[in-house]
Structures are given as structure tokens and as C-alpha cells.
Amino acid sequence: MAVALDRIRVGSAPDSWGVWFPDDPQQVPWQRFLDEVAQAGYSWIELGPYGYLPTDPARLTDEVTRRGLRVSAGTIFCGLHRGPSEWDATWEQVSRVAALTRDMDAKHLVVIPSFWRDDKTAEILEAPELSTEQWGHLTRGMERLGREVKETYGLDIVVHPHADTHIDTEEHVERFLDSTDSGLVNLCLDTGHYAYCGGDSVKLIETYGERIGYLHLKQVDPEILADVVSNEIPFGPAVQRGVMCEPPAGVPELGPVLTAAQKLGVDLFAIVEQDMYPCEPDKPLPIAERTRKFLRSCGA
């Protein structure tokens, strides 16, 4: 019998509908996303890329409320490892997203580090390993971001380890956590990205449980991943090959992840994300419905 996961709040995101950009002809219209995510049985959503959903809080509140939906988080990307010169551009982006996130009564801002490899062309943009100085910029910058986002918008930042960024592998994630203040910065553990980069989500939850502030539920296809790793394929083309797969076909097993998270004894969002950009418009809904049913079978 599945453990009752009464501390886990399940949701989904535009990402599971193949949405990576504010506006793209290969993506479903935002109205269809909202209709279908509610139809699939989810009650929580993320904002996705800023500008995909309406950015007027009153309008967005009306749109989500009449579908029985609520917002759990907004998302930003930043390159704070480059030093203080990045701050102003980062804060300009943060201020827009954080204000809307706050106005939607959400409490989290997901922060994704910038990519060292171009998502589409595979061009190497920066060294994949940070210098000691850059690690210092990154950790101090994230702590400043956590402090100022909390003071200004009342939100908690949760940093999202991500493929093809500098916070990816177990070694890098643990170094980041060991170098930052848990009162300012915690983690959005994406089970798929962590597995993609060789990490063990259950081990991370059991070892750094107090730093887990948010979850993204995702799985990878181990056979496709092996090919991706051996051929050094960048993340965008890897997604097009189907490396992020429909649960429960991939790894990690989500039941043990959710059980480990439940044992932390804190309320946690667990937002389903299956990267599918670009995808046929009729593909996401059936997958979302099956995934919601699967998560119910796990107790969520």
C-alpha cells in the first residue's frame, strides 16, 4: 500500500505542454494549457517563461481561479557566477517575475543557473567548470538574491540544478549547498535533471533534507541518456530525442523519492515537468492525465 503523501502538493507546469518560451509558434496557446492542466487533474501550476501566461495579476487571477488552479512559483535564469556586473540585469528580470509571483499568492521563485553550452547549437559558451573565484561569485550572488527577494517580495528562492549549467552533478550540487546559507538559499530538486547528471535524488533528500525547498518530478530514459552522454549531446537536442520520458518508464523511481520527501515532515510542492519542446499539440494532455493517475497510485 502506498504511503499517504499528505505533505506533498502535486502540480504541473507549462514545460509539460512543450512550453519553453514566452511566445513560440510551436507551442500551444496559454488558454489551452490552462484548460488542459485543470482537465488532467492538477490544481497547482507554475508561471513558466515570463510572458507566456498573462502578466496582469488581475487577469491571470481570474483565468486560473475559474479553472480551479493556483500558482506555486515563478522562474528566472541568471548568471551570477560572472560577478557583481550581472546584478542589475538579473534584478531587472527578477523584479518582473517576483512581483507577479507574489501577486498570485505564490511563495517560491525557482532560480536556474545560466547554460555553459548553447541549448540549440551546442556551442560552448563558457567553461563547464567554474573557477574558485566564480564559485565565490555564484554563492555570494545567490545569497544576496535570496536575501533581497525575501525582503522585497516575501518569496523564498529555490535554486534548480540543471543539465548544461554549473550546478548539475552531485559534486557541484553538494559544493553549492555547503557554500551557501540555508536561511537564504535552498534547492529546487529536479529529479530528472539530477539523474541526467548522474545524481541520486533519494540520497540527496536523505543527506541534505533541510535544504530541499521544492521538487520538480521528472524522469529520464536511461538508454537515451547513455547515448546523450557518450556523444556529448546538448540538452535541447537530447530533449528532442526523448531523454525526458513519461513516468513510470524512466529513472529515478518517483515513489521512493516522494516517500523520502514526505519523511522530511514539511510541506513541499512536487511539480511535474516533462520536457517536450517542441511537441505536437495533442500530445501533452494524455500524458498529463496518465502521469496524474500514476502519482495518485504512489499516494500523491
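Predicted model: local features only at pLDDT ≥ 70, side-chain atom pairs only at ≥ 80, totals over all residues.
Residues are numbered from 1 along each chain as its sequence is written, and side-chain values use heavy atoms, with hydrogens and water left out.

## An enclosed strand

Strand β10 covers residues 268–272. Helices (H or I, at least four residues) and strands (E, at least two) are DSSP runs, numbered from the N terminus. Five of the five residues of β10 are buried, so the strand is largely enclosed by the rest of the structure. Both of its faces are covered: Leu 268, Ala 270 and Val 272 are buried on one side, and Phe 269 and Ile 271 on the other.

Which strands pair with β10? Strand β1 (residues 8–12) runs parallel to β10 and is joined to it by five bridges; two strands pair if DSSP finds at least two bridges between them. Val 10 has Ala 270 as its bridge partner in β10. Strand β7 (residues 212–217) also pairs with β10 in the parallel sense, over three bridges, and there His 216 stands opposite Ile 271.

Strand β4 (residues 108–113) and strand β5 (residues 156–159) are parallel partners over four bridges, with Val 110 opposite Val 158 in β5. Right-handed means that, with the strands pointing away from the viewer, the path from the first strand over the helix to the second runs clockwise.

On its way onward, β5 is joined by two bridges to strand β6 (residues 186–190), again running parallel. Val 159 stands opposite Leu 187 in β6. The chain goes from β5 through helix α5 (residues 170–178) to β6, and this β-α-β crossover is right-handed.

## Two cavities

Rolling a probe the size of a water molecule over the atoms shows where empty space is left. The grid has 1 Å spacing over the protein atoms alone, and a cavity is a set of points where a 1.4 Å probe fits but cannot get out; lining residues have an atom within 4 Å of a point. Grid points are joined across faces, edges and corners, and a volume is the space filled by probe spheres set on the points. How many cavities of 30 Å³ or more does this rule give? The count is two.

The largest cavity has a volume of about 60 Å³, and its lining includes Trp 17, Tyr 42, Met 276 and Ile 287. Helix α11 (residues 284–297) gives the largest share of that lining, four residues. By class, the lining has eight nonpolar, four polar and no charged residues; Ala, Val, Leu, Ile, Met, Phe, Trp, Tyr, Cys and Pro count as nonpolar, Asp, Glu, Lys and Arg as charged, and the others, Gly among them, as polar.

The second largest cavity has a volume of about 50 Å³. Trp 20, Asp 119, Lys 120, Gly 236, Gln 240 and Tyr 277 line this cavity, giving two nonpolar, two polar and two charged residues.

## Backbone exceptions

Most residues other than glycine have a negative phi, and most peptide bonds are trans. The bond from Val 251 to Pro 252 is cis, with omega near 0 degrees, and Pro 252 sits in the loop between β9 (244–245) and α10 (254–262). The bond from Tyr 277 to Pro 278 is also cis, with omega near -15 degrees; Pro 278 belongs to the loop between β10 and α11.

Asp 105, not a glycine, has a positive phi of about 65 degrees. Asp 105 lies in the loop between α3 (87–103) and β4 and is exposed, at 57% relative accessibility. Glu 232 has a positive phi of about 50 degrees, in the loop between α8 (222–230) and α9 (235–240), and is exposed with a relative accessible area of 62%.

Conventions. 1 Å grid on protein atoms, 1.4 Å probe; cavity = no way out; pocket = protein on both sides within 12 Å on 5 of 7 lines; lining within 4 Å. Buried < 20%, exposed > 50% of the residue type's maximum accessible area, 1.4 Å probe, protein only.
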